[in-house]
Each structure stands twice: as structure tokens, then as C-alpha cells.
Amino acid sequence: MASVGFILFSCVSLILVSDAISTKDQEDVLHAIKSAYDEMKMEVSTLKKELTLMKQKNCECGTKIETNSNKGPRFLVPNGQAPVAFHTHLSANFNVSSNHAVAYDVVKINVGDGYNKFSGIFKAPAAGLYLITNTVMSMPNHGIHVEIVKNGVAIGKNWADHNGYESGTMSVIIDLDVNDSVWVRDSDGGTERLEHDYNSFSGFLIYTDSSKYFIHIQEFEVSIISINQRADSSEVEEGE
């Protein structure tokens with residue numbers, strides 16, 4: 001478009017500064033001006049179409065972002081991995097031993113279906129960093145000593161004193177691979193009694209590998225910025 005504008009400027013300047021130009025030359029100049037003008041009209045028309053298309057794409061992207069943001073509360077896992085979370089407690093008093101997992105049978109949340117209420121074992125459906133927590137409450141004259149176990153190895157201990165109706169909570173942050181198992185068992189070598197729904201077992205996925213996710217987000221943001229810049233530039237040229 002700049003070259004076309006230069007042609008127009010040169011032709012008009014030639015008409016203004018020369019009174020001796022022949023009729024034939026004047027016709028040639030006018031023809032050149034008309035050709036340049038027609039070319040400019042075509043370029044402006046093309047830019048308008050491109051601008052309209054970019055605005056449509058920009059609106060579509062904005063609509064998708066707004067739609068996704070209005071879906072309500074969500075678990076925030078950085079790379080878009082499906083969320084994983086569970087929360088359980090006992091429905092009745094339970095005698096726990098060191099050789100068996102506590103089967104928390106009331107399942108309040110089991111997003112990702114990682115927890116099995118019959119075995120009391122949580123199996124990680126996705127690899128990543130997890131928060132696992134356990135709460136216990138003791139009965140009078142019966143202290144409680146339990147431990148959180150990963151694949152058979154204790155990773156955290158919890159207890160409540162024998163005075164009765166005392167509680168204790170233990171939380172651990174652990175790295176789990178797919179199908180790693182986590183459960184709660186007695187850590188005192190005997191059999192102890194847990195008081196129904198005052199004893200719970202919970203956990204959720206905190207973090208997975210987010211490198212690809214952030215790359216995709218950055219590419220998307222760069223694309224949006226590029227569209228906006230091209231649209232603004234086209235509007236300026238059209239206005240000129």
C-alpha cells in the first residue's frame with residue numbers, strides 16, 4: 001500500500017507543478033492515478049475482511065474463556081489432569097490392628113475413584129504430589145496409635161491419649177506413582193478401637209508435571225496478543 005500511495009503522490013505532484021504537460025501526458029497520469037486508486041480499494045477491502053475474521057476469532061476465544069470460567073468451583077491441578085480427592089470416615093466403632101488397613105466405609109468424596117471402602121486402601125490414579133491426612137479420637141482408657149502407610153512402609157504416625165475423647169491429626173505430603181497404595185493401620189503392635197465418625201482418612205492431588213500445560217497457555221496468550229495487534233494495526237491503516 002505504501003508503494004501505491006507513493007505513485008499517487010508523484011502523479012498529483014506532477015500535475016500541480018507542470019502547466020506545460022500535454023493532454024496525452026495528463027491522460028496517462030490520470031490513468032495511473034485511477035489504477036493506483038483501484039489497487040488501494042482492493043487492498044482496503046482485503047484488510048477489512050481480514051480484520052473482520054480476526055475480530056470473530058478474538059470474540060470466539062473470549063467466549064470460550066468466559067464459558068470455562070463460569071463452570072463453577074473446580075480443583076486446580078496445574079496441567080489439566082483430572083482432579084483426585086477423597087474423604088472418608090467410619091460409620092461404627094472399629095478395632096484396628098497392625099496387619100490390616102482401617103476400612104473407612106463412609107465415603108464422602110472419591111473424585112478419581114482411587115479409594116476402596118472395602119479394603120480401606122487408596123490407590124493413586126495419577127502420578128504426582130499428594131496431601132494425605134488422618135484424624136483419630138480415643139475412647140476412655142483406650143489410647144490410639146496409628147500410622148499412615150505407603151506401599152507397606154510407614155510415612156507418618158498419629159495418636160490420641162488414653163484419657164478418652166481426645167483427638168489427633170497427622171498430615172503428610174508424599175510423591176505417588178500410579179497405583180501406589182496408601183492406608184492407615186495400627187502402629188502399636190496390638191488391637192485398638194476407633195470411635196466411628198470421629199475418625200477419618202482423606203487426601204487429594206496437589207501437583208503434577210505442569211511444563212506442557214504452561215507451554216500451551218503461553219502459546220495461546222501469544223496468539224491472542226498477535227491477533228489483537230494485527231487488528232489494531234489494520235484499523236489504524238484503514239483510518240489513514
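Student: Hi! Which strand gives the most to the nonpolar patch?
Tutor: Strand β12, residues 200–207, gives the most, with 3 residues. Keep in mind that we are looking at a predicted model.

Student: Okay, and which residues form that patch on the surface?
Tutor: The patch is made of L129, I173, F204, I206 and Y207. Together they have about 430 Å² of accessible area.

Student: Take F204 then. Where does F204 lie, and what does F204 count as in terms of accessibility?
Tutor: F204 lies in strand β12. Its relative accessibility is 36%, so F204 counts as partly exposed.

Student: Let me zoom out for a second. How many helices and strands are there in the chain?
Tutor: The chain has 3 helices and 12 strands. Of its 240 residues, 30% are buried.

Student: What about the contacts between residues at least 6 apart in sequence?
Tutor: Among those contacts, 69% join residues at least 24 apart.

Student: And how much accessible surface does the chain come to?
Tutor: About 14,800 Å², with 56% of that belonging to carbon and sulfur atoms.

Student: Switching to rings. How many aromatic pairs does the structure hold?
Tutor: There are 6 aromatic pairs. One of them is F86 with Y115, a stacked pair at 5.7 Å centre to centre and 0° between the planes. This pair links distant parts of the chain: F86 sits in strand β1 (residues 85–89) and Y115 in strand β4 (residues 115–116), 29 residues apart.

Student: Are F86 and Y115 buried or exposed?
Tutor: Both F86 and Y115 are buried. Another aromatic pair is Y104 with F201, and this one is tilted: 5.7 Å centre to centre, with 35° between the planes.

Student: Which parts does the pair of Y104 and F201 tie together?
Tutor: Y104 lies in the loop between β2 (94–97) and β3 (106–111), while F201 is in strand β12, so the pair ties together parts that are 97 residues apart in sequence. Y104 counts as buried because its relative accessibility is 0%. F201 counts as buried too, with 0% relative accessibility.

Student: Nice. Which residues do ring pairs link into a cluster?
Tutor: The cluster holds F86, Y104, Y115, F122, Y130 and F201.

Student: I'm also curious about H89. Where does H89 lie, and what does H89 touch?
Tutor: H89 lies in strand β1. Leaving out residues up to four places away in sequence, H89 touches Y104, D105, V106, K108, D197, N199 and S200. Y104 is also a member of the ring cluster. H89 is buried, with a relative accessible area of 14%.

Student: Now the hairpin. In which sense do β7 and β8 pair?
Tutor: Strand β7 (residues 144–150) and strand β8 (residues 153–160) pair in the antiparallel sense, over 7 bridges. V149 stands opposite A154 in β8.

Student: And what is there between the strands in the hairpin of β7 and β8?
Tutor: There are 2 residues between the strands, and N151 takes a positive phi near 50° in this hairpin.

Student: What does V136 touch?
Tutor: Not counting residues up to four places away in sequence, V136 touches a set of residues including I144, V146, N158, W159, L194 and Y198. V136 has its place in strand β6 (residues 128–137). The C-alpha atoms of V136 and N158 are separated by 7.7 Å, and these two are 22 residues apart along the chain. V136 is buried, with a relative accessible area of 0%.

Student: Last topic: charges. How many salt bridges does the structure hold?
Tutor: It holds 2 salt bridges. K157 forms one with E147, and the closest N and O atoms are 2.7 Å apart. That pair joins strand β8, where K157 sits, to strand β7, where E147 sits, 10 residues apart.

Student: Is K157 buried or exposed?
Tutor: K157 is exposed, with a relative accessible area of 55%. E147, by contrast, counts as buried because its relative accessibility is 7%.

Note on methods:
Residues numbered from 1 in each chain as written. Predicted model: local features only at pLDDT ≥ 70, side-chain atom pairs only at ≥ 80, totals over all residues. Heavy atoms only, no water. Helix = DSSP H or I, 4+ residues; strand = E, 2+ residues; numbered from the N terminus. Buried < 20%, exposed > 50% of the residue type's maximum accessible area, 1.4 Å probe, protein only. Contact = heavy atoms within 4.5 Å. Areas by Shrake-Rupley, 256 points an atom, 1.4 Å probe, with all protein chains shown as cover. Patch = residues over 30% accessible without salt bridge, like charges linked within 9 Å, V, L, I, M, F, W, Y side chains within 5 Å. Salt bridge = Lys/Arg side-chain N within 4 Å of Asp/Glu carboxyl O. Phe/Tyr/Trp six-rings, centres within 6.5 Å; stacked < 30°, edge-to-face > 60°. Pairing = 2+ DSSP bridges.
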